[in-house]
Every structure is written in structure tokens, then in C-alpha cells.
Amino acid sequence: MVLSLRKKSQVWEHARLLLNQQDAWNKTMRGSLEEMDPSLDIRQTVCRVCRMLSRSPRTLLRQALERTCVVPHEFVEVLPTGSEGSVYNVKTFMATLSKGKAYDRVQTLRNKILLVDKPPDEQVLENIARGLEKKHRKHVGSAQAHAIWAAKNEQRRMRLEDEAKNAEEALQIDSEYLMYQRLTRMWKECGGLISWENFQRYNSKIDKSRGIRGLDFETRYGEIIFAMMALRLSTFADPPWTFSYQTNVHWFHIGKAVGEIDIILYDQHNKAVAICEMKTSCHEVAAGARQHEAKLDSVCIAPAGVWTIGKSLSDAIDVSGQTIPLFIATMLPSEKGVEMTGIEPAVLFSICQAIRNQGKGVMHPSNDDVCQPLVSMLQDGAPVDEPISYLHNLPPSTENPHNEDNLDFDQLDEDVTMMLRESLHDRESPLQCLDRIPNEQVLLFPRLKPL
């Protein structure tokens, strides 16, 4: 549905107030990003990542998990070669631990016995009757066919029950199943099972809150962003209230959906005049620009009918041959937390993976005291809000606890380049992206407070 705003709507005044603060907010954002430009120095970037992530909610929760119990030595003996006896590794192992072929055999037979009780359908009885009629050359009624089916079915049940009994006896002495039972019992008795279940509850809350932030941004500011875009593009002939917009529409290239647009702006003639990509964190502005710029360049030179935009292909409008400006809407940097790394998710993931490739991680013993309250919460199964509140109110780390000499930065740089298919020096950073995008097309907002 295409949306619009009345001329006297209060949203226009709110949008004007936000536009008046854009210059000041732009300076604030740039000042933060200048200190955290990942294209400047790989060593500096990695050390900052280690410092920030060592105090991230998920890292602290993982670190606390490892202190909730002592992993029995038996697990160390059965873990894959090279795996340390951590709670996380044990849980990963337990998730793939087989109960054995003997157990599978018992389950298969039990399922077959359950199917024996299933009443036959008409087609089965007809087949029985037809077979008997062909053999004995006389009519066979449905009652007689059912009686014959029941007799054969009872024989099959008895045979399956005998097989299941023998299989269950074999299961009680099966070495693979006995090992599964023993390891499962130890995993529960050492406290690992309950700690892991609580970890999953808390961790899923962290994941959910991250997704909600993005949804909140689109829900709260979608209408305001439209108004700000309309005010920026309005002229005497096209006042802002003559524009309309849609959210979550699709790019179509020769009839195939190839991407999504957060907001599209139409003029009074229903012509697409601008699009907007919304990013919750300002360190994703370059990623947001990459989502659309290649398409927009292609649109400019495409013949009619090649590029269309709409909720669906049936109501899409042709934009081929048009020059459509791209707006980026984002929020100011957080004062604390992982968002202060100033690195887009793809780069951050690559750096973390490269660190893991060297057998290192971002957890550090200097945070053990901070983790202690979380250890008790994981062991006792505290309500979800308690660890989330505790983690949210922790102050950011100001020191780098990691020893730079423990990392091979040349190898790390090579691994990151391979994963990204370009080096950090060549990849456009958020600050570099902002340097080339007109300030008028960057819309900034303060950080969201929880709903």
C-alpha cells in the first residue's frame, strides 16, 4: 500500500526538527568513526576488536558458562582430536553423539508395531478380496477380507514383538548405547546440562534483542524518514505533502526479485524519485550503500522494462533509465558495547574467524571477576531478565587485556582478505563511504531506547 501524510500532520514538524540537528550529529558520528576506521591499521583494528568483544554480552556469557562446572576427564578422552574439554565443546559433542545402531533398531521395530494397529484402508481390503476371488474364483465379502487381514496382521505383530524383545535385550549390553548413557549421566551430574540450557535461554534473549532493535528502528522511524526525504527533495512545484512512499518493496530485474528496498519515495505522478536503506548501526553504512549502488548504476543505463520496483511483480513500476538517489538512514554510535567497534558485521566476522584460525579467542581471564555473578545465574537458572540487566549495565572495557605478540598479524590479514575477497585497506570503510555520499542523503537518529 502506498502511504502519504496530510499537509498539517505533526510528523512534518518533527522531521524538520530532526533535519536541523543533522549537521551536529554528523560531526559526532564522524568523530567516532575516525577513531575506529578498520582500513587504517590491521593491528590496531584487531586489538580493538579483542578489547571490545572481550566485554560483549555474548562473550561474557560464554566465559561464565565455562566456569559453571568441571568437565569430567572422560569427555576429554572422547572429544575430537584437538578439542579442549570446554563446556561448549562437550555440548557440541553431545549433540552429535549417537545412541548406536542397536538403539536405532529398537526404535524402528517399535514404530513398526505402532503401525500394525493402524486400521487398513479400503484399498487394502479390496486388494485382498480381489486376490482371493482370483485364486478361488468366488466372491469374497469385505468382512471376510478384513478377517483375513486381521489374522495376518496379528502374526506380523507377534513376529515384530519377538524381534523387539530380542533387540531390547541386545541394547542393554550394547557398548555404544552404554557409553551414551554413561556420558549423558555424567553431563547432567556435573552441572553442564542445566548450565547449557540456561545459557541458551539467556543467549536467545540477546539474539532477540538485536533483531528487535532493527525492527524498532523501521517501526518507529519509517514515517519520519519518509517526511525527511520529502522535505529534502521538495520544490515549489512539488511540496513535501505531495510525495508518497512504500516500505519493504522489491527490486525486480527482468522479472526476477533481486533485493529489497526499505523505503521508496514517489512524487505526485507516481514516479520513483528516491530510495532509502535503513541500518541500525552507523558502521553498516558502507554495507548499506553496496546493497543498492550497483543496481542504481545499472538502472541509469537500462532500456525500458529491465528494472522495476514494487511490492510484487504485478504492481511494480518501471524505473529503467532513471537516476534515483540513495538515502542512508542510521543511528548514532552507541556509547558502549560491541557497536563501538565501528566495523560492519562481515568484517567483524572475518576478523573473529581469523583469530580462531590461530587457536585464539577474545575471552580473557581479566574478566573472570565480572563473570562471577553470571556463573551463579547460569547454575541456579535465574530469570532471563537478571543476566540481561547485569550485562547491559556493565561499563565498557578501557584497557586491552590481550597480548599482541600472541597473534600473527600478517597471517591474520591474509585470512581476512581471503574471506572478504578484498583487503581491509581496499574495502570501503563506513567513514570513506560517508565522505563520498552527500550529507543531505544521510539521515541520522539518536540511539533507540527499549520499548
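**Note on strands, rings and cores**

1. The charged end of R62 sits over the ring of Y88, 3.9 Å from the ring centre. A charge counts as over a ring if NZ of Lys or CZ of Arg is within 6 Å of the ring centre and within 35 degrees of the ring normal.

2. This is a predicted model, in which local features need pLDDT of at least 70 and side-chain atom pairs count only at pLDDT 80 or more, while totals for chains, interfaces and linings use all residues. Residues are numbered from 1 along each chain as its sequence is written, and side-chain values use heavy atoms, with hydrogens and water left out.

3. Aromatic pairs come to nine. Rings of Phe, Tyr and Trp (its six-membered ring) pair if their centres lie within 6.5 Å; planes under 30 degrees apart count as stacked, over 60 as edge-to-face and the rest as tilted. Y103 and Y177 form a stacked pair, 5.7 Å centre to centre with 15° between the planes. Y103 is in helix 7 (residues 101-116) and Y177 in helix 10 (residues 175-189), 74 residues apart. Helices (H or I, at least four residues) and strands (E, at least two) are DSSP runs, numbered from the N terminus.

4. Y221 and F445 are also stacked, at 4.4 Å centre to centre and 25° between the planes. Y221 lies in helix 11 (residues 192-233) and F445 in strand 7 (residues 442-445), so the pair ties together parts that are 224 residues apart in sequence. Both Y221 and F445 are buried (under 20% relative accessible area; exposed is over 50%, partly exposed in between; 1.4 Å probe, protein chains only).

5. The largest nonpolar core has 61 residues, of which I225, M229, W251, V319, L443 and F445 touch the most other members. Helix 11 gives the most to this core, with ten residues. Another core, of 42 residues, lies apart from it and includes L65, I113, V116 and L394. A nonpolar core is a set of buried Ala, Val, Leu, Ile, Met, Phe, Trp, Tyr and Cys residues joined through side-chain atoms within 4.5 Å.

6. Strand 4 (residues 307-310) is covered on both faces: W307 and I309 on one side, and T308 and G310 on the other, are all buried. Strand 4 runs antiparallel to strand 1 (residues 244-253), joined by four bridges, and pairs with strand 5 (residues 317-318) in the antiparallel sense over two. Strands pair if DSSP finds at least two bridges between them. T308 is the bridge partner of F252 and also of D318 in strand 5. Strands 4 and 5 form a hairpin with six residues between them.
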